[in-house]
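Hi,

Here is the structure I promised to pass on. Have a look at it first, and then read my notes on the side-chain contacts below.

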Amino acid sequence: MNPRSLSAELPTPEATGALAAKLAVSLVPGDVLLLDGDVGAGKTHFARHLIQAILTHPEDVPSPTFTLVQEYETTRGALWHSDLYRLSSVTEIEELGLTGAFDTAICLVEWPDRLGDLRPGNALELNLKPGAAEEHRKLTVTWTDPRWTDRVTPWLS
């Protein structure tokens, strides 16, 4: 399948958070979001706002850099937020149980390059890069699975 792609300019951290929250309400178990970008690009900020928008009970949403995976109960189902930065092998990812969660939970994966062959083909890829000004970000969203088209197009409109 040919990949599809859309981009958005995000002028403030608030705009980034609002866009994440808007996407959150369309997610269902089995959806995998791959959050890519350099350190400080806004991956965790995006994930935090997405998660907080659908939590069943308000709570702090820390970065999973050291815990590797944080699990949440949301109004949309179970959600796994993982940060694979510190992992060096696919075996470590399998031990986390993340691949099983790809089918049963909403999964947000930071540093998806660490997935190697475990990268799900039906995932929505979100790449964040610094924009023209200090707080600006450019978001590029890419997908091949047609089920994303009807959700992504209005989300970024």
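**Salt bridges and aromatic contacts**

Going through the whole structure turns up five salt bridges. Before you dig in, keep in mind that this is a predicted model.

Let me start with R147. It pairs with D31 in a salt bridge, with the closest N and O atoms 2.6 Å apart. R147 sits in the loop between β7 (137-143) and α5 (149-155), while D31 sits in the loop between α1 (13-24) and β2 (32-36), so this contact ties together parts that are 116 residues apart in sequence. Are the two partners buried or exposed? R147 is partly exposed, at 30% relative accessible area, whereas D31 comes out at 0% and counts as buried.

R147 also has a salt bridge to D145, at 3.2 Å from N to O. D145 has a relative accessible area of 17%, so with the cut-off for buried at under 20%, D145 is buried. Through shared partners, salt bridges join D31, D145, R147 and R151 into one network.

Another of the salt bridges links R114 and D113, with 2.8 Å between N and O. R114 is partly exposed at 23% relative accessible area, and D113 is partly exposed too, at 48%.

Now for the rings. How many aromatic pairs does the structure hold? There are two. In one of them, the ring centres of F46 and W155 are 6.5 Å apart and the planes make an angle of 80°; edge-to-face needs over 60 degrees, so that is what this pair is.

Y85 is in the loop between β4 (77-83) and α3 (90-96), and W111 is in the loop between β5 (106-110) and β6 (124-130), so parts 26 residues apart in sequence are tied together here. Y85 is partly exposed, with 41% relative accessibility, but W111 is buried at 13%.

Cheers

Conventions
Residues numbered from 1 in each chain as written. Predicted model: local features only at pLDDT ≥ 70, side-chain atom pairs only at ≥ 80, totals over all residues. Heavy atoms only, no water. Salt bridge = Lys/Arg side-chain N within 4 Å of Asp/Glu carboxyl O. Helix = DSSP H or I, 4+ residues; strand = E, 2+ residues; numbered from the N terminus. Buried < 20%, exposed > 50% of the residue type's maximum accessible area, 1.4 Å probe, protein only. Phe/Tyr/Trp six-rings, centres within 6.5 Å; stacked < 30°, edge-to-face > 60°.
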